[in-house]
Each structure stands twice: as C-alpha cells, then as structure tokens.
Amino acid sequence: MSHPAPQPAFQTATISVLVDNEAGVLARVIGLFSGRGYNIESLTVAEVNREKGLSRITLVTSGTRMIIDQIKAQLERLVPIHRVRDLTEEGPFVGRELALVKIVGENGYRAELLRIAESFGARIVDSSESSFVFEVTESTEKVDQFLAMIGGLGRLEVARTGIVALSRGPESI
C-alpha cells in the first residue's frame, strides 16, 4: 500500500518592502502577485521618508516556504524596490492592525459591549442609542478575537487597515 507524499506546509509570511514613493510602484507589486496567482491577505503602504521619497509596503501572504521564497526573490528584482525583508522568517516582530467596528444592536447588550471593548482596549469613537463605533488597535489575532466576542451581540460593519509591522531590536529595513 503506497502512502501519498506529504504536502508542503502552508505558512503565513509578513513581508516588509522599502520602495521609491512614485506612481505605479504599488500596481507593479500587486501585478506580481496576481500574475502568478499568489494571494495578498493584507496590504498597507505609506510614505515613511519624504526627503528620500521612500514608502514602506507591509504585506501578508501565505504559501509553502518555496512559494514565499519565490515571492521575495521576485519582489527583490522589481525596480524601484530597495529592500525586501521577511519579518516572519527573521524573528520576532511587532505587528498591529487598526479596525473600526460598528455594531448595531439591542440596548440590553450595551453594558456587555462596553465591558468587552474595555478588556480589548477599544475606544468608542461614535455612539448613538442603537449603535457604537469602536476603534481597536491590536495584533490581527486580537482584532479577530474582539470581533468574535462582539459578533453575537449585534450586526457588525468592519473596516480594517491590514497589518503594519516592524522587526524587534536594532535591525531596520
């Protein structure tokens, strides 16, 4: 009896990319992913150095180690990319995500919503008789936990930024 060959394990990678802040760079990065059938689970981009004209892209993707290595190699070949770092592979990193969460529900759940929000450090940024808008800034896992805990207490509308991340320690991009 033959056994099927084990499948390579899928893993998630958080990749930080330093690029020139110019038109079309983000489209080229996204094109690299879509052209090869790779998925972007989270994507953030913002200017980080105005004088040097640099932006930082933080993206989360998943695949086998071989696929992630291919993604990094292809990113490194794109111009005008200055540096590509796999924060997941390099060691501990700090990652945060911002979510705005509107919940519309019954008045009977207000105290429970406020208790849960406080336990996650969520701030109230808007409220009415029947709704709250919370701002929660945490790890992706904690944002997911917050959403799971309040999800049964009303109708949710969610806007998320995606993860931003930095390596720990003295090393930088």
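**Largest pocket.** I looked up the residue classes first: the lining of the largest pocket in this predicted model has 3 nonpolar, 7 polar and 4 charged residues. I counted Ala, Val, Leu, Ile, Met, Phe, Trp, Tyr, Cys and Pro as nonpolar, Asp, Glu, Lys and Arg as charged, and the others, Gly among them, as polar.

On a 1 Å grid over the protein atoms alone, a pocket is an open set of points with protein on both sides within 12 Å along at least five of seven lines; a cavity is a set where a 1.4 Å probe fits but cannot get out; lining residues have an atom within 4 Å of a point. I joined points across faces, edges and corners, and took volume as the space filled by probe spheres set on them.

The largest pocket holds about 220 Å³ of space. Of its 14 lining residues, I find Thr 14, Val 60, Thr 140, Glu 141 and Ile 163 closest to the centre. At least two lining residues come from each of β1 (11–20), β2 (40–49), β5 (93–104) and α5 (140–150); β5 gives the most, 3 residues. Helices (H or I, at least four residues) and strands (E, at least two) are DSSP runs, numbered from the N terminus.

**Cavity.** I find 1 cavity of 30 Å³ or more. The largest cavity has a volume of about 60 Å³. Its lining has 5 nonpolar, 4 polar and 3 charged residues, including Arg 110, Glu 129 and Phe 132. α4 (110–119) and β7 (131–138) each supply at least two of the lining residues.

**Basis.** Residues are numbered from 1 along each chain as its sequence is written, and side-chain values use heavy atoms, without hydrogens and water. Local features need pLDDT of at least 70 and side-chain atom pairs count only at pLDDT 80 or more, while totals for chains, interfaces and linings use all residues.
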